[in-house]
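Trainee: I'd like to learn how to read a predicted model the way you do. Could we work through one together?

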Amino acid sequence: MDRVISQNLHMNGGTAETSYSANSSVQKRAILITRPIIEEAILSILPKLNNGNISATNSKLRKNTIGIAEFGCSSGPNALLAVSHILETIYNNHCEFDSVTPEILVFLNDLPGNDFNYLFKDVGSFCDELKRTKGDGFGPCFVAGMPGTFYGRLFPTDSLHIVHSSYSLQWLSQVPQGIEKTNKGNFYIAKSSPPSVITAYLNQFKKDFRVFLECRSDELVDGGRMVLTLVGRIGSDPTNKECCSFWELLALSARDMVLQVRYTYIYTMHRGI
């Protein structure tokens, strides 16, 4: 990933009116919709981990460790929403078979500029709530931050069992090369964009997604599971209003702001102010 982008790109932190935390209801809905898929993925891998596991009566002995990674976690209530459901599914499964949950490692990943300070204020209460509601039969659970781009290796080989990412992989590692002159006045694909721009974005996505899958294939254990939710569209036209109208409006607004500043500067110079 471009170093400048990876160091500076991030969602608005904190809890203010313009923060990601206060404006992520659509992302929350996506996580809730995919809960059955997440649960199915977890339950498909747990039997392998549970083989030979011990009875809950001997809670001091724990054989396995489960590694969970949340890619593109951002901050706010959504950051731990999917993780909470994953842990609940693991706990319920082990209760059903009267076995002790293994040690669990949860890694929260996002770019270095992410508001990890605010995120980990939530982590403390999250862990306390786990202890209070699940008791001695659950855990221990360790939560850690993992800053860095997911378009590269982040974890040791065979260290992850479950990978989850929601509404993150549509963000590319860089602006496709060669579109600066052909896509002037636009932030993204627009109706005025030539076919070469559409092709450039498609090729960049293919390249990035391949890198993501290659990295995760090394980090996941044999039989590990990934649940990835991406923004998509119903129609085949990449310039239709369901995916591009927002970016066109944003580009127009930015252009108007630039023109306003330019005209103000010219007027000020003309008046000699």
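**Reading burial and charge**

Trainee: Let's start with glutamate 219: is this residue buried or exposed?

Mentor: Glutamate 219 is buried, because its relative accessible area is 0%. The scale, computed with a 1.4 Å probe and protein chains only, calls a residue buried under 20%, exposed over 50% and partly exposed in between. Before we go on, remember that this is a predicted model, so local features need pLDDT of at least 70 and side-chain atom pairs count only at pLDDT 80 or more, while totals for chains, interfaces and linings use all residues. Residues are numbered from 1 along each chain as its sequence is written, and side-chain values use heavy atoms, with hydrogens and water left out.

Trainee: Which side chain meets glutamate 219 in a salt bridge at 3.4 Å?

Mentor: Side chains of opposite charge can pair when their charged atoms come close. The cut-off is a side-chain nitrogen of Lys or Arg within 4 Å of a carboxyl oxygen of Asp or Glu. Here the partner is arginine 153, with 3.4 Å from N to O. This pair links distant parts of the chain, since glutamate 219 sits in helix α6 and arginine 153 in the loop between β3 and β4, 66 residues apart. Glutamate 219 also forms a salt bridge with arginine 216, and there the closest N and O atoms are 2.7 Å apart.

Trainee: What else does arginine 153 pair with?

Mentor: Its side chain also meets that of aspartate 218 in a salt bridge, at 3.6 Å from N to O. Arginine 153 lies in the loop between β3 (141-147) and β4, and aspartate 218 in helix α6, so the pair ties together parts that are 65 residues apart in sequence. Arginine 153 counts as partly exposed because its relative accessible area is 39%, and aspartate 218 is partly exposed too, at 36%. Put together, Arg153, Arg216, Asp218 and Glu219 are linked in a network of salt bridges. The total by this rule is four salt bridges.

Trainee: How do I get an overview of the fold, starting with how many helices and strands there are?

Mentor: Both are DSSP runs numbered from the N terminus: helices are H or I with at least four residues, strands are E with at least two. This chain has seven helices and five strands, in the order α-α-α-β-α-β-α-β-β-α-β-α. Of its 273 residues, 41% are buried. For contacts, we ask for heavy atoms within 4.5 Å. Among contacts with a separation of 6 or more, 80% join residues 24 or more positions apart.

Trainee: Why does the span of helix α4 agree with its number of residues?

Mentor: The expected span is 1.5 Å times one less than the number of residues. Helix α4 (residues 81-96) has 16 residues and should span 22 Å, and its end C-alpha atoms are 23 Å apart, so the two agree. Its buried residues include Val83, His85, Ile86, Leu87 and Tyr91. Just after α4, aspartate 98 takes a positive phi of about 55°.

Trainee: Where is serine 74, which I also wanted to ask about?

Mentor: Serine 74 is in the loop between β1 (65-71) and α4. Although it is not a glycine, serine 74 has a positive phi of about 55°, and it counts as buried because its relative accessibility is 4%. Tyrosine 167, another residue other than glycine, has a positive phi near 55°. Tyrosine 167 belongs to the loop between β4 and α6 and is partly exposed, with a relative accessible area of 25%.

Trainee: What is asparagine 183 in contact with, leaving aside its neighbours within four places in sequence?

Mentor: Its contacts of that kind are Tyr188, Ser193 and Val197. Asparagine 183 is found in the loop between β4 (160-166) and α6 (195-219). At 4% relative accessibility, asparagine 183 is buried.

Trainee: And where does pLDDT stay under 50?

Mentor: pLDDT is the predictor's confidence in each residue, from 0 to 100. The chain averages 81, and 78% of the residues score at least 70. Over residues 52-62 the pLDDT stays under 50, and there the model has 23 contacts beyond four places in sequence.
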